[in-house]
Amino acid sequence: MEAVRDKAVVVTGAGGGIGAALARRFATEGARVVVNDLDAAKAEKTAAELGALAVPGDASTVVPAAREALGGDIDIFCANAGVGTGGGPDAPEDDWALAWDVNVMAHVRAARELLPGWLARGDGRFVSTVSAAGLLTMIEAAPYSVTKHGAYAFAEWLSLTYRHRGVAVHAICPQGVRTDMLAATGAAGELVLTPTAVEPETVADALLDAMAEDRFLVLPHPEVAAYYTARAAEPDRWLGSMNRLQQKLERTDGR
Ligand SMILES: NC(=O)c1ccc[n+]([C@@H]2O[C@H](COP(=O)([O-])OP(=O)(O)OC[C@H]3O[C@@H](n4cnc5c(N)ncnc54)[C@H](O)[C@@H]3O)[C@@H](O)[C@H]2O)c1
């Protein structure tokens with residue numbers, strides 16, 4: 001694919017799961033790829049498998065080190081690292097702060113570093129791995145749902161502000177994807193995500209299709225479009241159906 005061949009690509013949180021699948025797909029398409037992950041061993045293992053460059057560390061601060069590893073500008077930045085923080089208002093302050101930091105602020109900080117160069121040359125691509133929870137919600141996971149709405153809002157803002165200046169933005173909004181994060185979602189994930197979960201490679205395919213079509217919204221589960229429409233058109237009806245899922249979960253749990 002022309003938009004990818006020889007491009008310099010960074011994928012955060014790419015030591016496993018969706019990030020590793022994105023990095024693999026970009027490497028297969030002939031890109032020069034940086035694999036970032038907070039877990040250095042995972043970053044190095046994935047990078048070695050792909051013939052890519054490992055730049056371990058926090059996704060919030062990866063841009064300068066990634067530029068150095070690539071020996072120049074970043075063409076495509078995938079803000080993919082995320083934390084699946086569960087709970088409600090009772091979740092500890094530190095959990096809320098971490099979700100905000102990784103799921104939203106890491107995207108903001110990367111964009112702050114990348115935009116001046118991209119706007120000067122009139123070219124750049126920002127890919128945000130959001131979640132269907134950023135369009136809808138995830139039961140039992142308020143910090144995750146709220147911060148993924150934030151990530152989606154930020155991706156939208158970037159797109160509408162800079163699309164006439166050569167910056168392309170994509171927001172990937174899957175439901176369940178078979179990764180470590182899905183395995184950790186417990187009963188709520190088993191109820192709403194596992195039955196329709198897809199492989200990480202399906203997410204990478206959906207992104208490449210969206211890039212080819214210059215499309216912002218990437219839906220590896222196409223049915224999410226109808227849920228998103230229903231939520232906007234009839235909020236109480238949608239909330240009622242989500243509440244029935246909540247009640248079903250509570251019955252399953254014996255609450
Ligand atoms: N798995 C799903 O069902 C699903 C669905 C929708 C969206 N997502 C989103 O996809 C993205 C990837 O998740 P995944 O399912 O592949 O999970 P995963 O747990 O397999 O991978 C996430 C990776 O991010 C890394 N990471 C965490 N914090 C980091 C940080 N601050 N800096 C750098 N790396 C960090 C972790 O070490 C891990 O390797 C996340 O943003 C997640 O919210 C996942």
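Select Glu140 to begin: this residue is buried because 21 other C-beta atoms lie within 10 Å. A residue is termed buried if 20 or more other C-beta atoms lie within 10 Å of its own, exposed if 12 or fewer, and partly exposed in between, with C-beta atoms placed from the backbone. Glu140 sits in the loop between β5 (124–129) and α5. Its phi is near 70°, a positive value in a residue other than glycine. Most residues other than glycine have a negative phi.

The structure on screen is a predicted model, in which local features need pLDDT of at least 70, side-chain atom pairs count only at pLDDT 80 or more, and totals for chains, interfaces and linings use all residues. Residues are numbered from 1 along each chain as its sequence is written.

Select Asp6 next, in the segment before β1 (8–11). Its phi is near 65°, again a positive value in a residue other than glycine. Is Asp6 buried or exposed? Asp6 counts as exposed because it has 10 C-beta neighbours inside 10 Å. Helix and strand labels follow DSSP runs, numbered from the N terminus: helices are H or I of at least four residues, and strands are E of at least two.

**Helices α4 and α5**

Display helix α4 (residues 93–121) together with helix α5 (residues 142–162). They pack at an angle of about 15°, and their axes are 8 Å apart. Axes are lines fitted to C-alpha atoms, for helices over the stretch in contact, and angles run from 0 to 180 degrees between N-to-C directions. The angle therefore makes α4 roughly parallel to α5. Angles under 35 degrees count as roughly parallel, over 145 as roughly antiparallel, 65 to 115 as roughly perpendicular, and the rest as oblique.

To view the contact, select residues of α4 including Trp96, Trp100, His107 and Leu119, and residues of α5 including Tyr144, Lys148, Phe154 and Tyr162. Two residues are in contact if their C-beta atoms, placed from the backbone, lie within 7 Å. By class, this contact of α4 with α5 has 13 nonpolar, four polar and two charged residues. Here Ala, Val, Leu, Ile, Met, Phe, Trp, Tyr, Cys and Pro count as nonpolar, Asp, Glu, Lys and Arg as charged, and the others, Gly among them, as polar.

**The largest nonpolar core**

Which residues of the largest nonpolar core touch the most other members? Of its 73 residues, these are Leu22, Ala23, Val33, Val35 and Phe77. Such a core is a set of buried Ala, Val, Leu, Ile, Met, Phe, Trp, Tyr and Cys residues joined through C-beta atoms within 7 Å. Helix α4 supplies the largest share of this core, eight residues.

Centre on Phe77, which touches Val10, Ala110, Leu114, Phe126 and Val127, not counting residues up to four places away in sequence.

Then move to Ala23 in helix α1 (residues 17–28). Ala23 counts as buried because it has 32 C-beta neighbours inside 10 Å. Beyond residues up to four places away in sequence, Ala23 touches Val11, Ala14, Val33, Val35, Thr46, Leu50 and Ala52. Ala23 and Val33 are ten residues apart along the chain, and 6.6 Å separates their C-alpha atoms.

**Helices α1 and α8**

Among the contact residues are Ile18, Leu22 and Arg25 of α1, and Glu201, Val203 and Leu207 of α8.

Select Val55, in the loop between β3 (53–54) and α3. Val55 counts as buried because of its 25 C-beta neighbours inside 10 Å. Leaving aside neighbours within four places in sequence, Val55 is in contact with Val34, Asn36, Val62, Ala65, Ala66 and Ala69.

Gly72 lies in the loop between α3 (62–70) and β4 (76–79). Gly72 is exposed because it has 10 other C-beta atoms within 10 Å. Draw a distance from Gly72 to Val55: they are 14 Å apart, C-alpha to C-alpha.

**Last stop: Glu250**

Finish at Glu250 in helix α10 (residues 235–253). Glu250 is partly exposed because 13 other C-beta atoms lie within 10 Å. The C-alpha atoms of Glu250 and Ala188 are separated by 9.6 Å, although the two are 62 residues apart along the chain.
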